[in-house]
Amino acid sequence: METKFMRKVASAMLCSLMCLPGQAKVRLSHLIGDHMVLQQQTDARLWGWDSPNKTVSVTTSWDNATYQAKTDKSGSWMVKVKTPKAGLTPYSITFDDGDKTTINDVLIGEVWVCGGQSNMEMPMNGFGNCPVDGYTEAVTEANDNGGIHFVKVPSVMSMKPLNDANCEWKAVDASTVGDCSAVGYFFANRVYKALHIPVGLILANKGGSRVESWLNEANLKKHTDEPLDTAGIVKSFPKDFFRPLVWGNGTFNPILNFTVKGILYYQGCSNVGSHPEAYAERLAILVKQWRDSFAQGDIPFYFVQIAPFAYGDGKDGWSAGYLREQQLKASDMIPNAGIVCTNDCVYPFEFAQIHPRTKKPIGERLAFLALNHNYGFGNLPCESMRYKSMTIQGDTCYVRFQNDYGGISRFDDIEGFEVAGSDRVFHPAKAGHFWVDAKDPRNETVFVTSPEVKHPVAVRYCFRNFQSGNLKNQALLPLFPFRTDNW
C-alpha cells in the first residue's frame, strides 16, 4: 500500500512540477480558461506563471480595461479585475507578456464551490449501479441551460499544497450534463431559473473523504491527533480516501485563489463512528480555514445532513444519529451557514446504498437557502423543521417545533417517532396532531405515546441509521432527526 501511495504522491508532485513557470509564454492556472464563469461585481482574481521579473498585461473585453502584474522570483503573478453585473453575454480576456494568450466564452455570474465526498461528487449520469433520478430529463433540457458551467478538479493526493490542477471548464449541454455533480447541477439549475444569470460550479471533492481529509497541516496539528508523515498516514489509513491532509492539499488548494460566492458541502458519511463528538468543531475549523484562504470574509456555507444508510451497526443502530446531531450543531456554530435535511431522500430499498438516487431535492434545498439568504427571495421557505421543546403529561409527550411556517404535515399516520422510559429502551410510538387553544403551551404540537411506555422520559425521531420519517412543515421541508435525551 505504501508503494501505491507513493506512486500517487509522485504523480501529484509531477503535476506540481508541470505547474512551474515556463520561459516562453504566460501560463494560466487551469481554472482560468475558456468557458469559465467569473463572480459578478467584484475584484476577481486571475493568476498564473511566467518568467521571473516579467510584466504581464491583462485586458478584459467587457470594459477594455488593462491591468498589469509583475512576476515574482518564482514566476508567479496575480491580478484583480473588476467584473460587471452578471449576464449571458460571452466575453474574452487577453494576457500579454509580449506574446498574447486569449481565453473566450467567459461569462459573468455566480460561482459556487461543491465540496465533500461521493454524494457531492456523484455525477448526473450516476455511479455503477447507482443512478440519479431525473438524469434523462436533465439531458433533454440541458441545451437550454447553457448559462450553467462547471469545472471538475481531479481528486489528487499530495503531501504539500498544490497550486494548480489539470482541469477545464465545460458549458452544460446534452453531451456534458452527465459529468456534472448531480447535487451541484440541481442547485445551479434552480438558481439559474430564478435569477436568469450564469452559474459556475467548481467541483472539488473526493469520495470517502473525512472532514480531516480537508484540514490543513496547521489545523490537524492543533486540533487532532491525526498522523502527518507519509508512513504514519499509510499505516493508519490503508484506504486512501480516509487519509488526512492529502486531499485538501491536492484537490482543494488549487482553487483557493478563485473568487467565489460561496461553498456547498456534502460530507460526513466517513466520519460516522469516528470521534463523532468532535465533528461539529472540526467542521467549523474547516470552514474558517477555507474562508481565511479565499480571503473574502464569511462567504456563505451551505451543507447537507447525511442521508439514511445502514452503517456498521446496522439499520437500527444509532451511530449516524450522533453524526447528524453534530451536523445540526455545526450549523448553529458556523456563522452565515445553513443545513438541509435529507431524511426523506432515500427509498426503502436503499438501506445498503450509500449513494441514494434522490439528489434533486437536495440540490434544490441548497438553492432555496442561497436564494433566500443571498439573492433577495426573502419570502421563499428554506428551513427544515427542527425540534424546539417537549413537555410530558402522564403517558404522553407533547413535542413542539420551530420553522414550521405555520403548519405541519403529514396529517395522519405520522412515522418515525420512538419513546423511552427510565430504562432507556425505545419503543415505536404513535404520533399525531394536537389542537388546543392558541394560548396553551402545547399548541403547535404533536403528541407522542406508546402503550409499552407508561412513564416516558425521552423521545427520538429518526435518530437511527436508516429510519425515514414523514413529518414535514408547511413548506414540505422535512423534520430534522432529533433526540430529547443525552444518553
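How many aromatic pairs does the rule for ring pairing give? The count comes to 26 aromatic pairs, where rings of Phe, Tyr and Trp (its six-membered ring) pair if their centres lie within 6.5 Å, and planes under 30 degrees apart count as stacked, over 60 as edge-to-face and the rest as tilted. The structure is a predicted model, in which local features need pLDDT of at least 70 and side-chain atom pairs count only at pLDDT 80 or more, while totals for chains, interfaces and linings use all residues. Residues are numbered from 1 along each chain as its sequence is written, and side-chain values use heavy atoms, with hydrogens and water left out.

The ring planes of Trp112 and Tyr302 stand at 25° with centres 5.9 Å apart, so this pair is stacked. Trp112 belongs to strand 8 (residues 100-116) and Tyr302 to strand 13, so the pair ties together parts that are 190 residues apart in sequence. Helices (H or I, at least four residues) and strands (E, at least two) are DSSP runs, numbered from the N terminus. Trp112 is buried at a relative accessible area of 0%, and Tyr302 is buried at 1%; buried means under 20% relative accessible area, exposed over 50%, and partly exposed in between (1.4 Å probe, protein chains only).

The pair of Phe351 and Phe466 is edge-to-face, because the planes lie at 80° with the ring centres 6.3 Å apart. Phe351 is located in the loop between strand 14 and helix 10 (360-374), and Phe466 in the loop between strand 22 (458-461) and strand 23 (472-473), so parts 115 residues apart in sequence are tied together. Phe351 is partly exposed, at 33% relative accessible area, whereas Phe466 is buried at 12%. Lys315 lies over the face of Phe351, at 4.6 Å from the ring centre. Arg460 is placed over the face of Trp318, at 4.4 Å from the ring centre. A charge sits over a ring if NZ of Lys or CZ of Arg is within 6 Å of the ring centre and within 35 degrees of the ring normal. One aromatic cluster is formed by Trp214, Phe252, Tyr265, Trp290, Phe294, Phe301 and Phe303.

Contacts of Phe258 (heavy atoms within 4.5 Å), not counting residues up to four places away in sequence, include Leu31, Trp47, Val111, Trp169 and Phe294.

Helix 8 (residues 279-294) also holds Arg282, which is buried at 9% relative accessibility. Beyond four places in sequence, Arg282 touches Val211, Glu212, Leu215, His223, Thr224 and Glu226. Among the buried residues of helix 9 (residues 319-333) are Ser319, Leu323, Arg324 and Leu328, and their cover includes helix 8, strand 13 (301-304), strand 14 (337-340) and strand 15 (386-393).

Three strands form an open antiparallel sheet in the order 1-3-6. Strand 1 (27-28) and strand 6 (76-82) are at the edges with a single partner strand each, so one side of each has no neighbour in the sheet. Strand 3 (residues 43-49) is joined to strand 6 by seven bridges, where pairing requires at least two DSSP bridges between two strands. Ala44 stands opposite Val81 in strand 6.
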